[in-house]
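Student: I've got a protein on my screen and I'd like to learn how to read it. Can we go through it together?

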Amino acid sequence: MTTILYRKQNNIAYVTINREEAMNCFNYETLYELQTVTDLISLDPEVSVVIFTGAGEKSFSAGADLKERKTLKETEVRRNVKAIRDVFNSIASLPQPTIAAVNGYAFGGGFELMIACDFSIAAQGVKMGLTETSWAIIPGAGGTQRLPRLVGEMKAKELIFTARKFTAEEGVELGVVLKVVKKEELLLSCEQLAFDIMKNGQVAIKQAKYAITQGMNTDLQTGLAIESKAYELTIPTSDRIEALNAFSEKRSPVFTGI
C-alpha cells in the first residue's frame with residue numbers, strides 16, 4: 001500500500017492517510033486501501049485502540065480528491081461515493097475505540113472521517129467543517145446523519161447549509177472535538193487517551209462501545225435491552241474475575257483481554 005500507512009505498536013494501530021502532496025484527499029485508491037486496512041484491524045485481537053491521522057502537518061484530510069473527481073464519469077462518481085460511505089461506516093463499526101488525531105485541515109470527507117471516530121483530538125488552530133454544499137453536493141459519507149447526532153439538528157443544518165469552516169476550538173464547544181492541544185503534543189495526547197482506555201478490561205470496552213453505539217440509534221427500552229446483552233458477555237470473562245481478585249488483594253488488576 002502507498003496511500004495508507006499502517007503500523008502497530010503497544011496494541012495501538014496507527015493509520016495514516018499518506019497523500020500529503022494532495023492534502024490527504026481521498027481518491028479511489030486511497031479508499032480501497034483504507035477499507036483493506038480497516039477490515040484487517042476489525043479482526044485483529046492484538047489491536048486495542050486505533051489512531052487515524054494524516055501525513056504531514058497541514059492536512060488531516062481535505063476530503064474528496066476533486067482533481068480526480070473532475071475526470072470521472074457519473075458511474076465512477078457513484079462508485080467513489082459508495083466507497084467512502086462504506087469505509088467510514090466500517091470505521092464507525094470497528095469494535096475497538098477509535099481516535100482521530102486531527103493534525104490539520106479536516107474538510108468534507110476528512111471531517112466525516114473525524115466524526116466517524118469515537119474521539120477527535122485536534123491541534124490548535126486547525127480548521128474544519130462540512131463544505132460540500134459550496135461544491136453543489138451534500139455530505140455523502142455520513143455527515144448529514146452523524147453531525148446532527150453530535151450537535152443537534154438545527155446546528156447541523158446551519159453548518160451544512162452554509163458550508164461554514166470553524167476552528168478546532170469551536171469544535172470543542174460544538175461537541176465534535178474532545179480537546180485541543182499543541183501540535184507537537186497531538187500524537188502523545190492521543191496515545192495517552194489510548195493507554196487510559198487500554199488499562200481497563202478490553203472485552204468490557206468493546207461491549208460498552210457496542211451498547212452505546214447501538215443504543216444511540218434506538219429508543220431507551222431497546223437500548224437497555226442491548227446494554228443487558230452486552231453486559232452478559234462480560235460476566236464469564238477471566239478479566240472480570242481478575243478485577244475482583246485484585247480488589248480483594250489491594251493491587252492493580254492485570255487484564256488479558258479474555
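Student: Which strands does helix α4 lie across?

Tutor: Keep in mind that this is a predicted model. Helix α4, residues 109-116, lies across β4, β6, β8 and β9. Its direction is at about 95° to β6.

Student: In what order do β4, β6, β8 and β9 sit in their sheet?

Tutor: General idea to begin with: strands of a sheet pair through backbone hydrogen bonds, either parallel or antiparallel. Here the four strands make an open sheet with the order β4-β6-β8-β9, and the pairing is mixed. β4 and β9 are at the edges with a single partner strand each, so one side of each has no neighbour in the sheet.

Student: How do β4 and β6 pair, parallel or antiparallel?

Tutor: Parallel, over two bridges. To find the spot, look for Ser61, which stands opposite Ala106 in β6.

Student: Now the core. Which residues touch the most other members?

Tutor: In soluble globular proteins, nonpolar side chains tend to be buried together. The largest nonpolar core here has 60 residues, and those touching the most other members are Phe88, Met114, Met128, Leu147 and Val176.

Student: What about the largest pocket: which residues lie nearest its centre?

Tutor: Those are Ala116, Cys117, Asp118, Ile212 and Thr213, out of 31 lining residues. The space in this pocket is about 1,000 Å³.

Student: And which element gives the largest share of that lining?

Tutor: α9, with seven residues. Among the other elements supplying at least two residues are α3, α4 and β7.

How values were computed: Residues are numbered from 1 along each chain as its sequence is written. This is a predicted model: local features need pLDDT of at least 70, side-chain atom pairs count only at pLDDT 80 or more; totals for chains, interfaces and linings use all residues. Side-chain values use heavy atoms; hydrogens and water are left out. Two strands pair if DSSP finds at least two bridges between them. Contact means heavy atoms within 4.5 Å. Axes are lines fitted to C-alpha atoms, for helices over the stretch in contact, and angles run from 0 to 180 degrees between N-to-C directions. A nonpolar core is a set of buried Ala, Val, Leu, Ile, Met, Phe, Trp, Tyr and Cys residues joined through side-chain atoms within 4.5 Å. Buried means under 20% relative accessible area, exposed over 50%, partly exposed in between (1.4 Å probe, protein chains only). On a 1 Å grid over the protein atoms alone, a cavity is a set of points where a 1.4 Å probe fits but cannot get out, and a pocket is an open set with protein on both sides within 12 Å along at least five of seven lines; lining residues have an atom within 4 Å of a point. Grid points are joined across faces, edges and corners, and a volume is the space filled by probe spheres set on the points.
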